Structure formats: structure tokens, C-alpha cells
Amino acid sequence: MNLSAPTQIVFIISLVIAVIGLLAALGVLAFIPLASVWIMLIGYIVLAAGCLMRGT
């Protein structure tokens, strides 16, 4: 399995998801029905998928 750096768009998407999770943890975005831990996990999975997939 070869790892590669994620593209800039995948990195930005995962960063935006992580910031949304952080804001949800701080209570700024209280209307989001998911727990902030799950939102942060989704951002990490997006980033890991971007590193594992070639040409993404």
C-alpha cells in the first residue's frame, strides 16, 4: 500500500469538516444533530481516504 499526499481540495474539505466539529464541540453550532466527535471522525476519514487513494 502506497500512501500519497492528498490533493489540496481533499485537505480543505477535511479541514472544513474538522472546524465544523470543533465549533459544534464549543457549542457555537448547537443545531447540528451529530456529536462533535463523530463530525471530527468524518473529517479524519476523508483525509485518510485522500491519502490512500491514488490520483484523488
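This is a short talk on how one chain folds in a predicted model.

Start with the overall layout. The chain has 56 residues, and 18% of them count as buried. Its secondary structure comes to 2 helices and 0 strands. Along the principal axes, the C-alpha trace spans about 40 × 20 × 15 Å. Now look at contacts between residues at least 6 apart in sequence. Of these, 62% join residues at least 24 apart.

Which residues of α1 are buried? They are Val 10, Ser 14, Ile 17, Gly 21 and Ala 24. Look down the axis of α1 and these buried residues fall within an arc of 80°, so they line one face of the helix. There is a general point behind that pattern. An α-helix has 3.6 residues a turn, so residues three or four places apart point the same way. The face of α1 turned away from the buried side carries Gln 8 and Ile 9, both exposed. And what do the buried residues of α1 pack against? They pack against α2.

So to α2 itself. This helix covers residues 36-52, which is 17 residues. It reaches 24 Å from its first C-alpha to its last, close to the 24 Å expected at 1.5 Å a residue. Buried in α2 are Ser 36, Ile 39, Gly 43 and Gly 50. Seen down the axis of α2, they fall within an arc of 70°, so they too line one face of their helix. On the other side of α2, Val 37, Trp 38 and Tyr 44 are exposed. What covers the buried residues of α2 includes α1, residues 8-25.

Next, the pairing of the two helices. The axes of α1 and α2 come within 8 Å. They cross at roughly 170°. That makes α1 roughly antiparallel to α2, because an angle over 145 degrees counts as such. By class, how many residues in this contact are nonpolar, polar and charged? There are 14 nonpolar, 5 polar and no charged residues. From α1, the residues involved include Val 10, Phe 11, Ile 13, Ser 14 and Ile 17. Further along α1, they include Ile 20, Gly 21, Ala 24 and Ala 25. From α2, they include Ser 36, Ile 39, Met 40, Val 46, Leu 47 and Gly 50.

Let me pick out some single residues. Ser 36 is found in helix α2. Buried or exposed? Ser 36 has a relative accessible area of 19%, so it is buried, given that buried means under 20%. Leave aside its neighbours within four places in sequence. Ser 36 is then in contact with Gly 21, Ala 24 and Ala 25.

Ile 42 is also a residue of helix α2. Its relative accessible area is 41%, so Ile 42 is partly exposed. With neighbours up to four places away set aside, Ile 42 is in contact with Ile 17 and Leu 34. Take Ser 14 as a distance check. Ile 42 and Ser 14 are 28 residues apart along the chain, and their C-alpha atoms are separated by 8.0 Å.

Now the stretch that follows α1. Just after α1, Gly 27 takes a positive phi of about 90°. Leu 29 has its place in the loop between α1 and α2. With a relative accessible area of 19%, Leu 29 is buried. What does Leu 29 touch, not counting residues up to four places away in sequence? It touches Ile 20, Leu 23 and Ala 24.

Last, the segment after α2. Arg 54 is found there. Arg 54 sits at 67% relative accessibility, so it counts as exposed.

To sum up: the model is predicted, the chain has 2 helices and 0 strands, and α1 is roughly antiparallel to α2. The contact of α1 with α2 has no charged residues.

Methods. Residues are numbered from 1 along each chain as its sequence is written. This is a predicted model: local features need pLDDT of at least 70, side-chain atom pairs count only at pLDDT 80 or more; totals for chains, interfaces and linings use all residues. Side-chain values use heavy atoms; hydrogens and water are left out. Helices (H or I, at least four residues) and strands (E, at least two) are DSSP runs, numbered from the N terminus. The expected span of a helix is 1.5 Å times one less than its number of residues. Buried means under 20% relative accessible area, exposed over 50%, partly exposed in between (1.4 Å probe, protein chains only). The arc is that of the directions from the helix axis to the C-beta atoms. Contact means heavy atoms within 4.5 Å. Axes are lines fitted to C-alpha atoms, for helices over the stretch in contact, and angles run from 0 to 180 degrees between N-to-C directions. Angles under 35 degrees count as roughly parallel, over 145 as roughly antiparallel, 65 to 115 as roughly perpendicular and the rest as oblique. Ala, Val, Leu, Ile, Met, Phe, Trp, Tyr, Cys and Pro count as nonpolar, Asp, Glu, Lys and Arg as charged, and the others, Gly among them, as polar.
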